[in-house]
Amino acid sequence: MTLFDTPEPGELVVLSLLAEGRKYGYMLSKEAAARSEGRLRLTPGALYPLLKQLERQGLIASTVEEIKAEDADPDASGRKRKWYRLTPKGKRRLEQRVQAHRTWRGILDAFLPEDPLDNATRSRG
């Protein structure tokens, strides 16, 4: 494994969230932010091109649903919401990405001191 063989983190996050069930874009963004305690932001400029790419690759599929307010005119059209779900091919890719991430994390752990402050103190002494 070379330094540049690491899996795309955005793909891993999106596929992981979709493994839990179908979601729409804004929901994916909010769940990623909540789980990461606000440290990960899937902005529309990054998220929607990624979703389009994953769909082209057959890793996810989408359906469009019309959403109407409860008090809306029954004859009026509502706004469209695109729901995404993981495909069987996407599930296989997710399994590969999770394994690759765990392998990569194990490699990096070999370079990290258990207590960085303790090592810094020893190197000065």
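Predicted model: local features only at pLDDT ≥ 70, side-chain atom pairs only at ≥ 80, totals over all residues.
1. On the α1 side the contact is made by G10, E11, V14 and L15, and on the α3 side by L47, L50, L51 and L54. Sorted by class, the residues of this α1–α3 contact are six nonpolar, one polar and one charged.

2. Next, the pairing of α1 with α2. Here the axes come within 11 Å, with a crossing of roughly 105°. Helices α1 and α2 are therefore roughly perpendicular to each other. V13, V14, L17 and L18 of α1 meet L28, E31, A32 and R35 of α2. This contact of α1 with α2 holds six nonpolar residues, no polar ones and two charged ones.

3. Helix α1 spans residues 9-18 and helix α4 spans residues 88-109; their axes come within 10 Å and cross at roughly 130°. The two helices are therefore oblique to each other, and their crossing is left-handed. From α1 the contact takes in E11, L12, L15 and S16, while α4 brings G90, R93, L94, R97, V98 and H101. By class, the contact of α1 with α4 has four nonpolar, three polar and three charged residues.

4. Setting aside neighbours within four places in sequence, R93 is in contact with E11, L15, Q57 and L59. R93 and L15 are 78 residues apart along the chain, yet their C-alpha atoms are separated by 8.4 Å.

5. How much of α1 is covered? Seven of its ten residues are buried, so this helix is mostly covered. The buried ones are G10, E11, L12, V14, L15, L17 and L18. What covers them includes the helices α2 (25-35), α3 (44-56) and α4, along with the strands β1 (23-24), β2 (60-67) and β3 (79-86).

6. Leaving aside neighbours within four places in sequence, L17 is in contact with K23, L28, E31, A32 and R35. L17 and S29 are twelve residues apart in sequence, and their C-alpha atoms lie 9.9 Å apart in space.

7. Now for the nonpolar core. The largest one has 17 residues, and those with the most contacts inside it are V14, L15, L18, L28, L51, L54 and I60. At least two residues of this core come from each of α1, α2, α3 and β3. The element that gives the most to this core is α1, with five residues.

8. One backbone detail deserves a look: E37. This residue is in the loop between α2 and α3. Most residues other than glycine have a negative phi. In E37, phi is near 55°, a positive value in a residue other than glycine. Is E37 buried or exposed? With a relative accessibility of 66%, E37 counts as exposed, because the cut-off for that class is over 50%.

9. Finally, the view of the whole chain. The protein chain has five helices and three strands, and along the sequence they follow the pattern α-β-α-α-β-β-α-α. Of the 125 residues in the chain, 27% are buried. Among contacts between residues at least 6 apart in sequence, 59% join residues at least 24 apart.

Methods: Residues numbered from 1 in each chain as written. Heavy atoms only, no water. Axes fitted to C-alpha atoms, helices over the stretch in contact; angles between N-to-C directions. Helix = DSSP H or I, 4+ residues; strand = E, 2+ residues; numbered from the N terminus. Parallel < 35°, antiparallel > 145°, perpendicular 65-115°, else oblique. Left-handed = near helix turned anticlockwise from the far one by under 90°. Contact = heavy atoms within 4.5 Å. Nonpolar A, V, L, I, M, F, W, Y, C, P; charged D, E, K, R; others polar. Buried < 20%, exposed > 50% of the residue type's maximum accessible area, 1.4 Å probe, protein only. Core = buried A, V, L, I, M, F, W, Y, C linked by side-chain atoms within 4.5 Å.
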